Amino acid sequence: MGVGISVLIALKATTLLLLFAYLKNLGFSILSLPFLYSSLISFLVSLASHPSIDLPLLLGKTSDGTFPISSLIIFSPYLYFVRLFSAVRRRWSGEPPYTEVSDGLYVGGWPSSPEKLPPGDPAVVDCTCEFPRLKGLTGGLPYRCLPTWDTRSPRPADIELAVKWACRKRDLNRPVFVHCAYGHGRSVAVMCALLVALGITEDWKTAEKLIKQKRPYIRMNALHRKALEEWSTDRLSVPKSKRYGGGLVD
């Protein structure tokens, strides 16, 4: 599965704690305090994002994609760090912000500006817990939030709810844009399920191959694949008359 967010943020927290201790020993007690606070918040995020806990609601993101002021203040060392890191990484990678994987179906990264939204006023499925739905950019567009930690996967039940919602939007001929931070993991897992539900691919493994042909840098991990396998098993246990896809929605 590789190194997950909990390990990476724990390393960041440790580095910040060492900086705090170093500055304090030099006599810069007041200057060192922000490093101590950032370290404590990072340790908290590291714990909450561990697979055994998996509590994305810690950050306070609401169903409409916004954060309360209290969350923006308390978790500012993490929330603004990931935005800065995302901007730098995107500029360095040169990867397109979104990719059309099938007619009217787009997968990509966090739309930080209007130019990073697909055309056609798409319905948006947001798989992040760390990025906001920016006001003025997606206002008026149908929106569904599946708050999920980076490198983790939406739960099978949440994938199911998102897929049903997206199928209804496609029945109205509205494009659907599924995004996470970079369009590599969380959003790809949901898009795989959506491709199966719409009858475009036979199974999620075929869907993954299709998406990878269009967006080569995707990389689902073991958690994403496990969730999709569970989602597929649950879906097969539902009678065909009650399934969505092929024009059927619940």
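1. L210 sits in helix α7, which covers residues 204–214. Helices here are DSSP runs of H or I with at least four residues, strands are E runs of at least two, and both are numbered from the N terminus. L210 counts as buried, because its relative accessibility is 19%. Buried means under 20% relative accessible area, exposed means over 50%, and partly exposed lies in between (1.4 Å probe, protein chains only).

2. A word on the basis. This is a predicted model: local features need pLDDT of at least 70, side-chain atom pairs count only at pLDDT 80 or more, and totals for chains, interfaces and linings use all residues. Residues are numbered from 1 along each chain as its sequence is written, and side-chain values use heavy atoms, with hydrogens and water left out.

3. What does L210 touch, leaving aside residues up to four places away in sequence? The partners are V101, L195, I200 and T201. Contact means heavy atoms within 4.5 Å. S93 is 117 residues from L210 along the chain, and their C-alpha atoms are separated by 22 Å.

4. Now the whole protein. It has eight helices and five strands. From the N terminus on, the order is α-α-α-α-β-β-β-β-α-β-α-α-α. The radius of gyration is 19 Å, close to the 18 Å from the globule rule for 250 residues, so the protein is as compact as a globular protein of that length. That radius is taken over C-alpha atoms, and the rule is 2.2 Å times the number of residues to the power 0.38. Along the principal axes, the C-alpha atoms fill a box of roughly 70 × 35 × 30 Å.

5. Of the 250 residues, 48% are buried. Among contacts with a separation of 6 or more, 66% are between residues 24 or more positions apart. The accessible surface is about 12500 Å², and carbon and sulfur atoms hold 62% of that area. Areas come from the Shrake-Rupley method with a 1.4 Å probe; for residues, only the protein chains shown count as cover.

6. Helix α6 deserves a look. Why is α6 described as largely enclosed by the rest of the structure? Because twelve of its twelve residues are buried. They include R186, M191, C192 and L195. Just after α6, G199 takes a positive phi of about 80°.

7. Aromatic pairs number five. F81 and F85 form a stacked one, with 6.1 Å centre to centre and 25° between the planes. Rings of Phe, Tyr and Trp (its six-membered ring) pair if their centres lie within 6.5 Å; planes under 30 degrees apart are stacked, over 60 edge-to-face, the rest tilted. F81 and F85 are four residues apart in helix α4 (residues 76–93), so about one helical turn separates them. F81 is partly exposed at 34%, and F85 is partly exposed at 43%.

8. W110 and F131 are also stacked, with ring centres 4.6 Å apart and planes at 25°. This pair links distant parts of the chain, 21 residues apart: W110 is in the loop between β2 and β3, F131 in the loop between β3 and β4. Both W110 and F131 are buried. Ring pairs also join Y98, Y106 and F177 into a cluster.

9. Two charges sit over rings. K12 lies over the face of F81, 4.6 Å from the ring centre. R89 lies over the face of Y182, at 4.0 Å. The rule needs NZ of Lys or CZ of Arg within 6 Å of the ring centre and within 35 degrees of the ring normal.
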